[in-house]
Amino acid sequence: MDVRKKYNIEVRNRFQVLEEGNIEDPVLKYEGAVEIYTEAAKQVLGSSKKISKPWITNNTWKMVDERKEIKNKLEGTRSERLKVRLNEEYKQKNKGVKKSAREDKRKWYNMMAEDAEKAAENGRSKELYNITKILTGERKRQHTGVKSKEGELKSERNDILNRWVEHFSEVLNRQDPLHPISEEDVDMAEIIIEEIDLGEWTVAEVKRALKKTQNGKSAGIDSVTPELIKADIDLTAEKMAEIFNSLWEEKNWPSDWRKGLIYWIMRKTTVDKARGILF
């Protein structure tokens with residue numbers, strides 16, 4: 001069965017179970033919907049595993065297992081004659097593994113280079129960037145510490161976290177404006193608001209918003225990516241419209257909506273010059 005179809009079926013089945021529970025609290029419905037997408041993804045798609053050497057083929061891995069088996073026999077035998085024979089077999093198998101791995105790596109690099117050329121020719125800059133990053137072995141920059149306001153270098157984890165809290169508290173918590181909004185501005189805003197349709201969300205509106213959501217974006221606190229909710233866009237639009245309308249009517253919001261993940265972009269060790277991205 002196609003993976004996408006299998007995932008959609010799992011999501012629909014879980015929503016059916018949620019509806020049978022007759023949950024009235026819209027916040028619990030929202031949290032249940034989030035859990036549906038994340039758990040269905042874990043069950044059908046699984047978790048991604050880091051592959052340190054992606055170029056190694058199944059044939060080479062098979063040879064690695066055979067080499068390991070020979071080594072176990074070599075370590076378990078007491079016969080000197082048998083040790084000599086197994087040791088020679090291990091050497092030959094080890095040479096074969098290294099030769100096969102080198103050939104796999106050469107073919108893999110050639111294939112990646114061809115993909116990079118095609119991506120460049122077709123203007124797929126993001127794909128080209130990802131391939132280049134893989135080929136060059138780019139690693140994430142590690143920072144040993146940050147500087148306090150006084151210029152003192154802080155390297156302890158708690159001191160670093162406290163410095164970031166201090167920085168973003170100052171950046172995000174602004175003082176009262178020098179020129180506050182007047183009563184005339186408030187009256188004008190009320191007129192504008194009256195012209196805006198504040199009725200219930202329709203399924204069509206939610207569906208249009210989902211279509212405009214770009215794939216490949218990072219998930220927020222709920223760990224739900226755009227691809228997960230767009231796999232079955234009709235079902236998602238229907239459920240989201242129902243849940244959001246209930247939340248709006250009850251004036252009760254999920255706790256996740258009051259939280260955010262701040263990812264900082266460092267410039268050396270100077271916190272004051274760092275900027276944050278809120279997810």
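## Overall figures

Of the 279 residues of the protein, 23% count as buried. The model is predicted. The accessible surface comes to about 21800 Å², and carbon and sulfur atoms account for 50% of that area.

The secondary structure consists of 10 helices and 4 strands. Read from the N terminus, the order of the elements is α-α-α-α-α-β-β-α-α-α-α-α-β-β. Among contacts between residues at least 6 apart in sequence, 58% join residues at least 24 apart.

## Surface patches

| Patch | Residues |
|---|---|
| Negative charge | Glu 24, Asp 25, Glu 31, Glu 200, Glu 249, Glu 250 |
| Nonpolar | Trp 201, Trp 248, Trp 253, Trp 257 |

The patch of negative charge includes Glu 250, a residue of helix 10, which spans residues 233-250.

The nonpolar patch is formed by tryptophans, which together have about 420 Å² of accessible area. One of them is Trp 201, found in the loop between helix 7 (183-195) and helix 8 (203-212).

The reasoning rests on the cut-offs: buried means under 20% relative accessible area and exposed means over 50%, with partly exposed in between.

Note on methods. Residues are numbered from 1 along each chain as its sequence is written. This is a predicted model: local features need pLDDT of at least 70, side-chain atom pairs count only at pLDDT 80 or more; totals for chains, interfaces and linings use all residues. Side-chain values use heavy atoms; hydrogens and water are left out. Helices (H or I, at least four residues) and strands (E, at least two) are DSSP runs, numbered from the N terminus. Buried means under 20% relative accessible area, exposed over 50%, partly exposed in between (1.4 Å probe, protein chains only). Contact means heavy atoms within 4.5 Å. Accessible areas come from the Shrake-Rupley method with a 1.4 Å probe; for residues, only the protein chains shown count as cover. Patches are made of residues with over 30% relative accessible area and no salt bridge: like charges are joined within 9 Å, nonpolar side chains (Val, Leu, Ile, Met, Phe, Trp, Tyr) within 5 Å. A salt bridge is a side-chain nitrogen of Lys or Arg within 4 Å of a carboxyl oxygen of Asp or Glu. Lys and Arg count as positive and Asp and Glu as negative; His and the chain ends are not counted. The place of a charge is taken as NZ of Lys, CZ of Arg, CG of Asp or CD of Glu.
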